[in-house]
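Let's walk through how two parts of one chain sit against each other. Have the structure open while you read.

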Amino acid sequence: MTDTANLQPRRLNRPTFGALGRFAYQQPVGAASFVVIVVMLLAGILAPWVSPYDALAVDYGALLSPPSLDHLAGTDAFGRDVFSRIIHGARTAMIIGLSSAFLGCTGGAILGAASAFFGGRVDAAIQRFVDILLAFPLVVLALVVVAILGRNPVFGIDISLIFAIAIPIVPQVSRVIRAAALTVQAMPYIDAARTAGYSNSRIILRHMAPNLVTPYLIMLTAYIAQAILLEATLSFLGLGVAEPTPAWGLMLSGNAQDFFLTAPWLVIFPGIAISLAVIAFNLFGDALRDYLDPRLKQ
Amino acid sequence: MTGYIARRLLMMIPTLLGVAILTFFMLRVVPGDVVQVKLMADGGMVSPEAIEAERVRLGLDHSLTVQFLDWMRGIFTLDFGNSMWTGRPVAAEIASRFLVTFQAALMATIIAVFIAVPLGTVSALYRGTVLDYVVRVITIGGLALPSFWIGMLVLLCLLRYAHWLPPISYISPTEDPWGNFTQMIWPSMVVGYRFSAVLARLIRSSLLDVLNEDYIRTARAKGVPARTVIWLHALKNALLPAVTVVGLEFAFLIGGLVVTEQVFNLNGVGKLFIQAVEHHDFTMIQGLVMMFAVIYVLANLIVDLIYAAIDPRIRYR
C-alpha cells in the first residue's frame, strides 16, 4: 500500500464558490452574458416601476425629440418615450421568447425522444413529419402558422404568436434530441433496466431523461435567442405583436421607417436592445455548452 | 447514378405531398377566409349574399376534399390556380417576382463564400489568438444582429452620406447592369453577412477537425511546405461540409429573404408571401409554400450529387 496522502485530490489553485462561481471562473464571457440576461429579465418584470415614463403615454409636446436627459433614447412620432418602451419591450420579448422556446424545445424533445425510444414505424412516421416541417424556411413556417392561427390575445400576449415561433423550433430540436437519445439508448444500463423488467415509462423517465437534460438545456438557451429574433422579425413585418404593445421589432416598423432619417434614434436603440438580448442568450448558451459538456467544445 | 437520382426524385413525392396536405388543410381549418378580408377591409357592411357569391366564385363553397383534389389536379398540369386576391394566375405572379429574389440570394451566397472562407480559415489557423477572437466577434454579430436592423442602418448611412435612395422598381440586369448592381448589392451584402457568419463558424470547426487528422501530421512530418499542407491537404477536405450548408442556405434564402425585401423595397417572392399572408390569399400561400419546398428538396438532392462528385469516398446507394 502506498501512502494514502498521495491519493488525496490535489488542491486546485482556483477559487471555489460552488457551481455558479466555477461557471463564472471558467466562462467569464458566459457569466457576463448571464448578467445581461438577468438585467433584461428584471427590466421586463419591473418594467412599470423602473421605466421613467408610461410606455403608452402620448406627449404631443415632445414629438420626435432627440435623446436628452429627459428622454434618454428620444421620443417617437407620438411623443412616447423610446427608453420606456424599450424597457417594456423587454417584458414582451422575454415572455414570448422564453415561453415559445420552452414550448418548442419541450415539444421537440418529446418528439425526438419518442422517435428514438420506440424506433421502427413510430420513428419513421415522426421523421417523415419532421422532414416535412424542415422543408419550410424558418420565417416562412412561422408566417404560415400566423396565417393559420390568426390572432388570439390572452392578457395582452398573442398565444398564436407563441405557437408561430415555437413550431419551427420543434423539428430542429427533435433531430438533435433524437440523436442524443439514440446514443443513450445504446448504453448498457438501458439494457440492464430492460432486463430488470422495468416499464417503458420508468426507463424513459428515470434512465433516459436525466441524460437528455444537458442537450435540452443547451438547446433551450440557444433557441431563446432564436425565438427573440423571430419575434422581433415577425413584429417588424407587422404580423407579430400588435400596436400599442411595446415590442422591439414593432418599434422598428411602421412610422420608424418614415422618420428614421430625421430621427435615427427610433431605429438605433430598439435594434441595440434586440441585438444585446440575442447576443447574451447566444453566448450564454455557448458557455453553458462548454461548461456542461466539454466534449462538445469546438 | 440515373437510378439513384430517380429513386431520390421518387422519395420527394411523399414529402411534397405532406407539405401540400399540411398547408392546404391547416389554412382552411380556421375561420376567416379571403372573402371576409377582401370585402370587409374597409370596415363596410356587406350583405351575406355578396359574401356567398364571392365564395362560390372562388370555389370556397365546395367541400375541402373537392377543393384539394381540384388543386392537386391543377398542380400536375403545372396550373397552381389563380390568386384569391388579385385573380391573376399564381404561377405568373410568382414568376414575375422570382428573378429579383433569385438574384439577391445568388449574390448573397457569393458574398458569403468570399467572406466566410478566409475568415473561417484564419480563425482556425490562428486559433486562440487575437485574430480568432476578432473573427468570433464578427460571426457572433452576424448571427445575432437582426438583418432588418442592419439593413435599416445601411439605408440610413446611404441616405445620409451618399444621398442615395433605393429605386422603387426592379432594374433588370440586362437593361441597366450598373443600376441593377447598385440596387441589389446592399441587400445582398446584408444577407450575405449573416450567411457568412454561419459558414465561417462551420469552416473553422471543420478545418480544426481536419488539422487533427493523421494525414496532416504525416504531410508535415515528411516536410511538405506549410502552405501546401493547408491549401491542398487541409482546406480541400475542410470545405466539403461547407458545400452542404451553402446549398441548403441558398435554398432557404429564396424563402427567407422576406425581411430584407421589405426593408429594401424589393418586389420579390418574400414580399409577395407577406401580402398573401396578410390577405389570407390561400392559393398564393399554397403556391409559394410549394415552391419553397420544391426548391429545398431539389437543393438537397443537388448538394448530395455535388458531394458525391467531389468526395470519392461517397458512393451512390
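What is the count of salt bridges between domain 1 of chain B and domain 2 of chain B? It's one, where a salt bridge is a side-chain nitrogen of Lys or Arg within 4 Å of a carboxyl oxygen of Asp or Glu. The partners are B:Asp304 and B:Arg8, whose side chains meet at 2.6 Å, N to O.

Some ground rules: this is a predicted model, with local features needing pLDDT of at least 70 and side-chain atom pairs counting only at pLDDT 80 or more, while totals for chains, interfaces and linings use all residues. Residues are numbered from 1 along each chain as its sequence is written, chains are lettered from A in the order in which they are written, and side-chain values use heavy atoms, with hydrogens and water left out.

Back to chain B: its domain assignment gives domain 1 (2–90) and domain 2 (98–310), with bounds from an automatic or database assignment. Their C-alpha centres lie 33 Å apart. The contact (heavy atoms within 4.5 Å) takes 25 residues from domain 1 and 20 residues from domain 2.

The two domains bury about 2100 Å² between them, 77% of it on carbon and sulfur atoms; buried area here is the accessible area (1.4 Å probe) that two parts lose on being put together, summed over both. In domain 1, B:Arg8, B:Leu16 and B:Leu27 lose the most area to domain 2, together 23% of what that side buries.
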